[in-house]
Structure formats: C-alpha cells, structure tokens
Amino acid sequence: MWLSTFSRFALPALQRSTSAMTCRALKACSRPGQAASPLPARLTFVQLRGQQTLGSASLPVAGHSMRHVRALGEERLVEVEWEDGGHSLYPFTWLRDNCQCPLCTLQSAQARKLLMSDLDIHTGVDIVEVTNDNKVSIVWPDQHTSVFDAEWLKKRCFSHSARQAMQEELFLNERYYWDRKLRIPTADYQEVLHDDKAALAWLLALRRVGIVYLKGAPAEQGHVARLAERIGYLRLTFYGHTWQVQDKYMANNVAYTSGRLSLHTDYPALHFAPGVQFLHCINQAVDGGESEVVDGFHMAEQLHREDPEAFDTLTSLHVDFTDTGTDYCDFMLQSKKCIIDVDAEGRVARINYNNATRDSVLDLPLHQVQPFYRALKAYVNIMNRPENVVTYQMEPGDIVTFDNWRLLHGRRSYISRPDRLRHLEGAYLDWDEVMSRLRLLRSSVHEDM
C-alpha cells in the first residue's frame, strides 16, 4: 500500500481516485513526534501499517477571474484586480520579457526565444485590457501583442505570500523535523515501481521527512539500480554506479569493515556530494549491524538554540575533506566545506560531515583551531544524544532511501560467519533527478484525479 496522502486533497476526493486497498490503509491523523518547530498547517500525518509519514502536493489552482486591469504608467506596472478583491502588480519589463507568443517562446520546450539583447527594459505599454476569455492582452509600443492567461499570472504574482507559495510548490522546502520517536515512513517496493501514486507518496515523504523504508524487494543485487530507473538514472562516483558494502581485505573505505561507523554524511570529499542514497539489504550479519540515523537539520537547529557561537563557527569556517584510493578507478579527492551550510535566509540547507574523511590538513589560522573543535564536538554530542537517534535493523529485501544532504547515518559493529556475510548494495542519486521525477509524478497524478 502506498505510504502517504496529499494533504491538500479532501479525503473523499482521494478515496474516489484510489483503490479500495489504499483507502482502507488511511487512518485518522496522528500527532508527530517532538518537532524542532511548529509544523505547517497544510502538512498532514497519516498512520499506515504502524508507520508515520506525511505528504504534501500542490492542488491545481482553482479558476481565477479578473475584474479589471490597468497600466500604472509612472510606476511602470500592470495592476490586475481579481474577482475576489485581491490585487496583483506586474512590472512592464517582466511582462515583455515573458511574452508567451510563438515569436518569443518555444512552447514545445517552454523556453524563451526572446533575446536579452532585443529586450527593451524601459518599454511602456500602449493598450492593456481583459479579453472575453479572461486573459490579459497587452499591446506594446512596437505594436507587438502579448496575451497572458489568468492562472499563469496569478501563480506568478510578486506578493511575498505568492512568491513563497510558488517556491514551496517548486522545491518543497518545508521539512518535518524528528527525533528518536520517528516511525520511519514505509512503503511497498513493488507498488513504488508500478504505481504512480505510490511513487509520488514515496518521494514526497523522502523530501519532507528525509527517510523512507521500502519493503519487499528481492534479496539480490540489482534492485537499487531498478529503483533508480523509476526516477531517472544513478549517480556515478569513484565507487561505481552501485557499490557493495561488505567486509573487504585492505578496505578502501571504513564502511567496508565490520567496525562501528559513526554518524556521517557520505562523500563530503566531493564538492557536489550525492543528494540521495539507497541501501539494499541482501544479507544481514549474524549479530549486530544495526543502522542509526539522525536528522542533521534538526540537530543543527538544536545547536543554534543551545550554542549560537558553535553554530556560527560551523556555518562559517571551511574544513578540508579528502578521499584517496582505487575502486571504479583510482582517485584522489580534496574539497573544502562548512560542516553546516545555510541558505541566503539563514536556513540550514546541507550537512557536510564525515569524520573518517575529514582531512588532517586544517586550513585555519591558529586562533580558530580550538573554537572549531569545540563547535564540532558540541554538534556531534547533540547528534549522539539517545533521544535524537533512530535505530533500526535491516532485513534481507529491505531498502532504505534517505536524504544524504540532511541525514547523518551510522552503523553498529557486527559479526558475520563465512556462510552468512553481511551484504548491502548501495547507490546514489542527485536531488535534481529526484525532484524532477517528483514534479512529473505530481502532475500526472493530478491529471488522473
């Protein structure tokens, strides 16, 4: 059964569009585990098979009608008054730049044909009016005509709330923060492969929660690649298209030993680390080998509250990472990153931390060395608090999919026998491919509904 629902849809509409088996899986909304910040009202939690998850999808915008449109010459803006009483303002230059006619836009590729060198950024407007079919028609001084659909304009309104809504629709930036109380969202591997609603729910939860468990895959190699085909294609790295996590003689990575792996993100030694990771359990150890995960974004926010100075240090000082060896080919990697990346608005955007590949080269002035160690120790201590760590044991056929930019994962030490060697197959994807597939699935599922 697919693991989630789309919170902006009314349940009856969902029931009409899904199988009876799916509908029986929907239970009453449950309260989340302790979250680092209030959850947005539009996110809904659904309990399924004892697992907690959430989903969100953009509902197609209801029809918008325009009451009036006029040009504000001095401000060089077109003002649209909507039937609901709202107003939207659009700059002349932006409207001319985004003319949707065949001369200015290649519709088959949704790509702009109008050259910047041909754009008059000081253009005026000769005529602006609402057409009989609820569109805005503009005649420019050179007598070129542009026509804009009401829905198209409404979604691109320049108000703060409209811009926020559009960015959320495009990038799904809102996250559900969690601690050890998380019940990892779970779905059926075969349904994800063959049902668009299941695949969409999987990717929505992967984006919002950061981790989703898939059950029911055959316990044999090749299924992380098969799952990646559902999205697009695998990310090739120096460890290959896929890689086998097993005890290896003269291991070229600490993951290929039976010892404990501390919480980490994969591949900070690459300047552009993989965004998503798949791990498929083909065979489990005789004893031990439990997996551990923490929400790195949540931990970073805890650090910011408890120790702002440490947070500032980890978001400003660049640390060296290295990785050297031979696998798919020989490699010698170097990168410089902050442990915690933040975006232009100060929100945590990415975690870059792997103690095994953190270089002995530390390109910091002497007076910053001890503050760096103090800050990193504070962050790691928060991660390792028992109340923050989710522990689970993978069984043959299980696939865990998670956000490598957000989650830190680890593994307890284990014991194997010659007739029962622990074996996981792993693979990477980038968030660009994952988000592309999510948007396409969201569009196709909405059309079906």
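This is a predicted model: local features need pLDDT of at least 70, side-chain atom pairs count only at pLDDT 80 or more; totals for chains, interfaces and linings use all residues.

Biologist: How much space lies in the second largest pocket?

Modeller: The second largest pocket holds about 630 Å³ of space. Its lining is made up of 37 residues, and Asn253, Ala255, Leu261, His264 and Asp266 lie nearest the centre.

Biologist: What is the lining like by class?

Modeller: The lining of the second largest pocket has 19 nonpolar, 13 polar and five charged residues. Several strands each supply at least two residues of it, among them strand S14 (261-264) and strand S15 (276-283).

Biologist: Where is Tyr267 found?

Modeller: Tyr267 is in the loop between S14 and S15. Its phi is positive, about 65°, although Tyr267 is not a glycine. Most residues other than glycine have a negative phi.

Biologist: Is Tyr267 buried or exposed?

Modeller: Tyr267 counts as buried because its relative accessible area is 6%, and the cut-off for buried is under 20%.

Biologist: Now to Gln143: what is its phi?

Modeller: Gln143 has a positive phi near 70° and is likewise a residue other than glycine. It lies in the loop between strand S9 (135-139) and strand S10 (145-149). Gln143 is exposed, because its relative accessibility is 52% and exposed means over 50%.

Biologist: Last topic: which residues is Val389 in contact with, leaving aside its neighbours within four places in sequence?

Modeller: Those residues are Arg180, Glu292, Val293, Val294, Met383 and Asn384.

Terms used:
Residues are numbered from 1 along each chain as its sequence is written. Side-chain values use heavy atoms; hydrogens and water are left out. Contact means heavy atoms within 4.5 Å. On a 1 Å grid over the protein atoms alone, a cavity is a set of points where a 1.4 Å probe fits but cannot get out, and a pocket is an open set with protein on both sides within 12 Å along at least five of seven lines; lining residues have an atom within 4 Å of a point. Grid points are joined across faces, edges and corners, and a volume is the space filled by probe spheres set on the points. Helices (H or I, at least four residues) and strands (E, at least two) are DSSP runs, numbered from the N terminus. Ala, Val, Leu, Ile, Met, Phe, Trp, Tyr, Cys and Pro count as nonpolar, Asp, Glu, Lys and Arg as charged, and the others, Gly among them, as polar. Buried means under 20% relative accessible area, exposed over 50%, partly exposed in between (1.4 Å probe, protein chains only).
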